[in-house]
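Welcome, and thanks for taking a look at this one. Please have the sequence and the 3D view open side by side while you read the briefing below.

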Amino acid sequence: MRINEIVSLIKPNSVIIDVGSDHAKVAIKSLINGVATFVYNIEINQSPLDNTIKNLSNYNLLDKTRNILNDGLKDLKIKHKVDYCIIAGMGGKNIANILSNKPDKLQINSFILVPNNNAYLLRKYLKTNGYIIQYEKIIRESSHYYELIQVNKYNGFKINSEQDCYFGSYNLKHQTKIFKEYQQNKLSHILESKIYLTNKQKAKELDLLQKLCKK
């Protein structure tokens, strides 16, 4: 479902970077669907990169990709102007670290980020570094929730407050049923675990959640 949501945001004839390509699922789907013309798949370890190459070969898509062993975006040199950079399947802190190492010369129009955790910390980084939210969505897979955050630096919803960092400025403007369900579940978890008694950040989050869920 996450792959489908990511690919649905990609406009036709796009060049994509997928950091942590996860068996080339995004590349395969976007190339077969015709929304991508070329995909750079990046892995930090050889074994998953080998899996990426193998899967692309099975679909005869190697000629439409470049598959790179690299530490995220660090020192990355690419000929194309990149339309989308996708970073999913890892924690928010790790995603923020990858973004912080993006070379200035690497021109990327839009980032699609799907953190497994610490979305708050990722948005804090985005706020500090001038990123603006284009679109957000809560994705539910079985009993797990994931936050999809699409950002750029020129158009969208600014991240202005702590509330924006916790919940997302786009989400707050477009409160869907699943968004409300997700926040209610977080509120219940914090109250039941009593983690707010020893964790200042969770205490702050609890206060914001209680205000949000009363609306």
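Contact here means heavy atoms within 4.5 Å. With that in mind, the buried residues of helix 2 (residues 25-33) pack against helix 1 (2-8), strand 1 (14-19), strand 2 (36-43), helix 3 (46-58), strand 3 (65-69) and strand 4 (82-90). Please bear in mind that this is a predicted model.

**Helix 2 and its surroundings**

- Which residues of helix 2 are buried? They are V26, A27, I28, S30 and L31.
- Among the elements that these buried residues pack against are two other helices to look for in your viewer, helix 1 and helix 3.
- Just after helix 2 comes G34, with a positive phi of about 85°.

**Strand 2 and its partners**

- Strand 2 is mostly covered, with seven of its eight residues buried.
- Strand 1 pairs with strand 2 in the parallel sense, over six bridges.
- To find your place in this pairing, look for S14, which stands opposite A36 in strand 2.
- Strand 2 also pairs with strand 3, again in the parallel sense, over five bridges.
- Here I42 has I68 in strand 3 as its bridge partner.

**Aromatic pairs**

- How many aromatic pairs does the structure hold? There are eight.
- One of them joins Y120 and Y166, whose rings lie 4.0 Å apart centre to centre with 20° between the planes, and the pair is stacked. Planes under 30 degrees apart count as stacked, so the 20° angle puts this pair in that class.
- The Y120 and Y166 pair links distant parts of the chain: Y120 belongs to helix 5 (residues 119-128) and Y166 to helix 6 (residues 162-167), 46 residues apart.
- Are these two tyrosines, Y120 and Y166, buried or exposed? Both are buried.
- F111, Y125 and Y131 come together as one aromatic cluster.

**Charges over rings**

- Y131, a member of that cluster, has K153 over its face, at 4.6 Å from the ring centre.
- R2 lies over the face of Y146, at 3.9 Å from the ring centre.

Notes: Residues are numbered from 1 along each chain as its sequence is written. This is a predicted model: local features need pLDDT of at least 70, side-chain atom pairs count only at pLDDT 80 or more; totals for chains, interfaces and linings use all residues. Side-chain values use heavy atoms; hydrogens and water are left out. Rings of Phe, Tyr and Trp (its six-membered ring) pair if their centres lie within 6.5 Å; planes under 30 degrees apart count as stacked, over 60 as edge-to-face and the rest as tilted. Helices (H or I, at least four residues) and strands (E, at least two) are DSSP runs, numbered from the N terminus. Buried means under 20% relative accessible area, exposed over 50%, partly exposed in between (1.4 Å probe, protein chains only). A charge sits over a ring if NZ of Lys or CZ of Arg is within 6 Å of the ring centre and within 35 degrees of the ring normal. Two strands pair if DSSP finds at least two bridges between them.
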